[in-house]
Amino acid sequence: MAADKKIPYKIYLEEQEIPKQWYNVRADMKHKPAPLLNPGTLQPMTFEELSGVFCEELVRQELNDTDAYIDIPEEIQQFYKMYRPAPLVRAYCLEEKLQTPAKIYYKFEGNNTSGSHKLNSAIAQAYYAKKQGLKGVTTETGAGQWGTALSMACSYFDLDCKVYMVKVSYEQKPFRREVMRTYGADVTPSPSETTAVGRKILQEHPGTTGSLGCAISEAVEAATTREGYRYVLGSVLNQVLLHQSIIGLETKAALDKYGIVPDMIIGCAGGGSNLGGLIAPFMGEVLRGEKNYRFIAVEPASCPSFTRGKFLYDFCDTGMVCPLAKMYTLGSNFIPSASHAGGLRYHGMSSTLSQLYADGYMEARSVEQTSVFAAAEQFARVEGILPAPESSHAIRVAIDEAMKCKETGEEKTIVFGLTGTGYFDMVAYEKFHNGEMNDYIPTDEDLQQGFDRIPRFAGNE
């Protein structure tokens, strides 16, 4: 298959073309995401209540459903220039290998020290914490990309950073942990004995390998019991999807530069930061009735919140100390199997994406992890990038869709998000290569245990 000489392998924007504003997709949504609820009163969380946990400017962004564009502060723009614009890459070699008429593009977000897209929001949240005069922030991390990104951002602004890392990842990914410590972060395996909620979780689940829900509970407690600290989160929240819209805005600008119109846009889905950021401006066009795209969210079969979850209000954390969010959820008590190595371990999904999915603007697909790593290996061998396991969920479905084009002869244009690199995920790759990886899929009975803990109140049945 001859390469299209008019379109380069990598499309870069010029410096002046880097977006100066984030795009807020909620402004164009007819049905806005449901508000966060106070777990005590079941009333929408106020600015004052949320400001006790999050930075004030981030709370304003969290509650903003009306402004379509929000200016990116100059300090953040300057930081972005260290690694942005990120390239939009035409996967010519993968197309040739698959012998497909499909045209495949991927937005590569791994070209920074953190190795992922997470830095886009980490630097914004650290900036607002510094601007507010805080001493430091606390957070959780699963595979470690977010913790790495936040530790780097906090180092840049001379902020203290306390990270609660899901225990199974803490043990399996020591190098990711050490990168965080290199940037000055204090990293604790979660659940731990250092917080009251951690001790409670360990008592209820002896020997647990942890979950993001557990780590969130500990990080929130650590923030709210220390003067001068606030909690920050790397996914799920509206503010995070806002910051990550830089991905989609750059992607759209690069495509527009060459007159390329995608047929489908594919992203991995855990809590929603990458997927939400990638699809944001394209979804806006659909919501405004200007264009029509196919959006595919890809999640692990081991943690299938979109495809098997319930669209209800639920706690964002296992310790049930955080606000209630209306989202597709498996229950805050759900803990993925320790055999699940592919990331995307959160029990719920962004309220924004959940509402879009409920309204029929997106489709979702779950995939088994051995097929995900097979796709990752295939991609690495022909495109020269070792992808993060999370990203590889999108790669799996992009390849599947390209092969459908081969069967039908359709020349569809596929865009997917390559969220980062997998060089700190070699334990998972080792298990795959050694044939030690399995495709654990929770039974209906397994999921019911999580559903049983979803809070029941009027209108949430």
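This is a guided tour of the structure above, one selection at a time.

The model is predicted: local features need pLDDT of at least 70, side-chain atom pairs count only at pLDDT 80 or more, and totals for chains, interfaces and linings use all residues. Residues are numbered from 1 along each chain as its sequence is written, and side-chain values use heavy atoms, with hydrogens and water left out.

**Stop 1: two cis bonds**

Select Arg84 and Pro85. A cis peptide bond joins them, with omega at about 5°. Pro85 sits in the loop between α3 (74-80) and β4 (88-90). Helices here are DSSP runs of H or I with at least four residues, strands are runs of E with at least two, and both are numbered from the N terminus.

Now select Ser190 and Pro191. Here too the peptide bond is cis, and omega is about 5°. Pro191 belongs to the loop between β8 (186-190) and α9 (196-204).

**Stop 2: two positive phi values**

Go to Gln99, in the loop between α4 (92-98) and β5 (103-108). Gln99 is not a glycine, yet its phi is positive, near 55°. Gln99 is partly exposed, at 42% relative accessibility. The scale is this: buried means under 20% relative accessible area, exposed means over 50%, and partly exposed is in between (1.4 Å probe, protein chains only).

Next, pick Asp158. Its phi is about 60°, also positive in a residue that is not a glycine. Look for Asp158 in the loop between α6 (145-156) and β7 (160-166). Asp158 is exposed, with a relative accessible area of 65%.

**Stop 3: an aromatic cluster**

Select Phe79, Tyr80, Tyr83, Tyr127, Tyr128, Tyr156 and Phe157. Together they form one aromatic cluster. The structure holds 21 aromatic pairs. Tyr127 and Phe157 make a tilted pair, 6.0 Å centre to centre with 55° between the planes. Rings of Phe, Tyr and Trp (its six-membered ring) pair if their centres lie within 6.5 Å; planes under 30 degrees apart count as stacked, over 60 as edge-to-face and the rest as tilted.

Tyr127 lies in helix α5 (residues 119-131) and Phe157 in the loop between α6 and β7, so the pair ties together parts that are 30 residues apart in sequence. Tyr127 is buried at 8% relative accessibility. Phe157 is buried as well, at 14%.

Jump to Phe306 and Tyr357. Their ring centres are 4.5 Å apart and their planes meet at 45°, so this pair is tilted. Phe306 lies in helix α13 and Tyr357 in helix α14, so the pair ties together parts that are 51 residues apart in sequence. Phe306 is buried, at 3% relative accessibility.

**Stop 4: helix α14**

Stay with α14 and select residues 351-358. Of its 8 residues, 6 are buried, so the helix is largely enclosed by the rest of the structure. The buried residues are Ser351, Thr352, Leu353, Ser354, Gln355 and Leu356.

What covers them? Show α11 (238-257), α12 (273-287), α13 (305-308), β12 (310-315) and β13 (324-329), which are included in the cover. Contact here means heavy atoms within 4.5 Å.

Check the ends. Ser350 caps the N-terminal end of α14, with a side-chain oxygen 3.1 Å from the backbone nitrogen of Thr352. Just after α14, Gly360 has a positive phi of about 85°.

**Stop 5: the cavities**

A cavity is a set of points, on a 1 Å grid over the protein atoms alone, where a 1.4 Å probe fits but cannot get out; lining residues have an atom within 4 Å of a point. Grid points are joined across faces, edges and corners, and a volume is the space filled by probe spheres set on the points.

There are 4 cavities of 30 Å³ or more.

Of its 14 lining residues, Val25, Leu241, Gly276, Ala280 and Thr352 are the closest to its centre. The largest share, 4 residues, comes from α12. Finish on α11, α12 and α14, which each supply at least two residues of this lining.

Notes:
A polar contact is a pair of N or O atoms within 3.5 Å; within protein, one must be able to donate a hydrogen and the other to accept it, and residues adjacent in sequence count only if both atoms are side-chain atoms. On a 1 Å grid over the protein atoms alone, a cavity is a set of points where a 1.4 Å probe fits but cannot get out, and a pocket is an open set with protein on both sides within 12 Å along at least five of seven lines; lining residues have an atom within 4 Å of a point.
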